[in-house]
Amino acid sequence: MRFGNRFQLGLTLLTGLFLVAVIFAFLLYALTPETPAARGPVLLAAFIAILIGSLLCILFLLRWLLRPYQRLVGEAERASVQASILKSQDEAEFVLETFQSVVSQLQQQRKELEKLSAEARERASSAEKFSERIVASLPSALIAFDGSGLSMAINTPGRTLLAVDGKALGESYDKLLGEYPELVKMVEDCLKNGTLYRRTEIDAASPDGQIRRLGTTIAPIEVPQERGPGGALCLLTDITEVAELREQVALKKNLESLGEMSAGLAHEFKNAVAALQGYVQLLQSLDLNEKAEVAAASLLNEVRNLSAMVTSFLNFARPQPLQLEEVSLPELVSECGTELGPLFQELKVELTVDQPTNEPLLIGADERMLRQALLNLMRNGAEAIPEGQTERAVSVTLWRDREMTGKDCVVIEIKDTGSGIPPGQLQKIFIPFFTTKPGGHGVGLALTHRVISQHGGSLSAANATEGGAVFTIRLPYESASTQG
């Protein structure tokens, strides 16, 4: 049997003792002979015994019931700082005042605890907002996946790179990264095996169809083992310009080495060609028959072509120093178009020059060498269009831009409507003697690349999404006095 509190238990015990005493008195009365003289003393003695026992039981019961109260008074005396002052007061008032003091302290502590909890929530919220600002401010694309491979966070550059909106959260990695198969395999390996990929470069097609080089870092998200896999964190950086610059530097070094090694040999070879040309001209002055004259004329033509090729290679191998002057690029492009007018009419190719703004775009450059480079690129664009091509056009666009380093530059884009450059040849077209033209020497683009590099700029080639090749020149936007 269970009792709710000490009072109920004490009352039950007292009732039980009273019943036992009554039963005992009843039994004693029943066993006493049935004479008034015998039963009177017995009943009196039983009543006195029951009364005394009941009083003793009541005293012990009251003491037992008041034991928690005495303990509460003792604890209050030890806890209260004003115990010596309050001892003269009533114990009930003392306990009540002590209890009120404890309640007041608890309320103050509760308020302090609530204040600390509010500060902790505020700090947590501030830390979360700060983390969100950091993630949003990252210039690189950041994508986080949970242990199930579902996206948890994507910052703005990540949405731009993947061309997705806010609904991308909660998508599986294979669906979200479906356009990047190599990236899907890397994320899958990281989720399953915890593999870390650090600064791995992959090629990916952007939404506009251009091939971009991405620097990729994929790391597992560490969590306690009992909570299961934590997920994967992807950091993607567009390093296309860096990769192109790296390739440009490597190509420049290779071309410089090749020029230095070949310049001496080409010079000696030119001397031999000059001697050979003199002998052929001497041979033509002799009295020859018709077949010999034809053969001598053909031989002289081949010698002259060979001499022109050697001269071009020497110009490439031993570049002349720049004669810097202030050059207006719009005027220079217009003059190049006028000079190439007869060729464009002969090939039935339309030339368009576009400049979004009316800036003069004055730069410090060697006008003669830069003119040669532009003429070569514009001529190549016209000659790259097949004869049966319906759309026959070469467009030149100029605008002012800003480099990754923060410096201003001028961009000249020359685009044609030809068949484009085979992907396997994009990295070879600036190498000397590499050409796809039947009668070409393979020196023109190499020489053009050298001229642009001498001016502190860069020249790159790509294929346009709508077809045709695109050559992009980037030149520093500096005056001749600044460069000098």
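Buried means under 20% relative accessible area, exposed means over 50%, and partly exposed is what falls in between, using a 1.4 Å probe on protein chains only. With that in hand, Lys-192 counts as exposed at 62% relative accessibility. This is a predicted model, where local features need pLDDT of at least 70 and side-chain atom pairs count only at pLDDT 80 or more, while totals for chains, interfaces and linings use all residues. Residues are numbered from 1 along each chain as its sequence is written, and side-chain values use heavy atoms, with hydrogens and water left out.

**Helix H8**

- H8 spans residues 181-193; helices here are DSSP runs of H or I with at least four residues, just as strands are runs of E with at least two, numbered from the N terminus.
- With 13 residues, H8 reaches 18 Å from its first C-alpha to its last, close to the 18 Å expected at 1.5 Å a residue (the expected span being 1.5 Å times one less than the number of residues).
- Leu-183, Val-184, Met-186, Val-187, Cys-190 and Leu-191 are the buried residues to look at in H8.
- They cover an arc of only 165° around the axis, so they sit on the same side of H8; the arc is taken from the directions from the helix axis to the C-beta atoms.
- Turned away from that buried side is a face with the exposed residues Pro-181, Lys-185, Lys-192 and Asn-193.
- Just after H8 comes Gly-194, with a positive phi of about 70°.

- Glu-188 is partly exposed, at a relative accessible area of 28%.

- Asp-408 and Arg-400 meet through their side chains in a salt bridge at 2.7 Å, N to O.
- Arg-402 also forms a salt bridge with Asp-408, with the closest N and O atoms 3.3 Å apart.
- Salt bridges with shared partners link Glu-359, Arg-400, Arg-402 and Asp-408 into one network.
- Asp-408 is partly exposed at 24% relative accessibility, and Arg-400 is partly exposed too, with a relative accessible area of 37%.

Technical notes. Salt bridge = Lys/Arg side-chain N within 4 Å of Asp/Glu carboxyl O.
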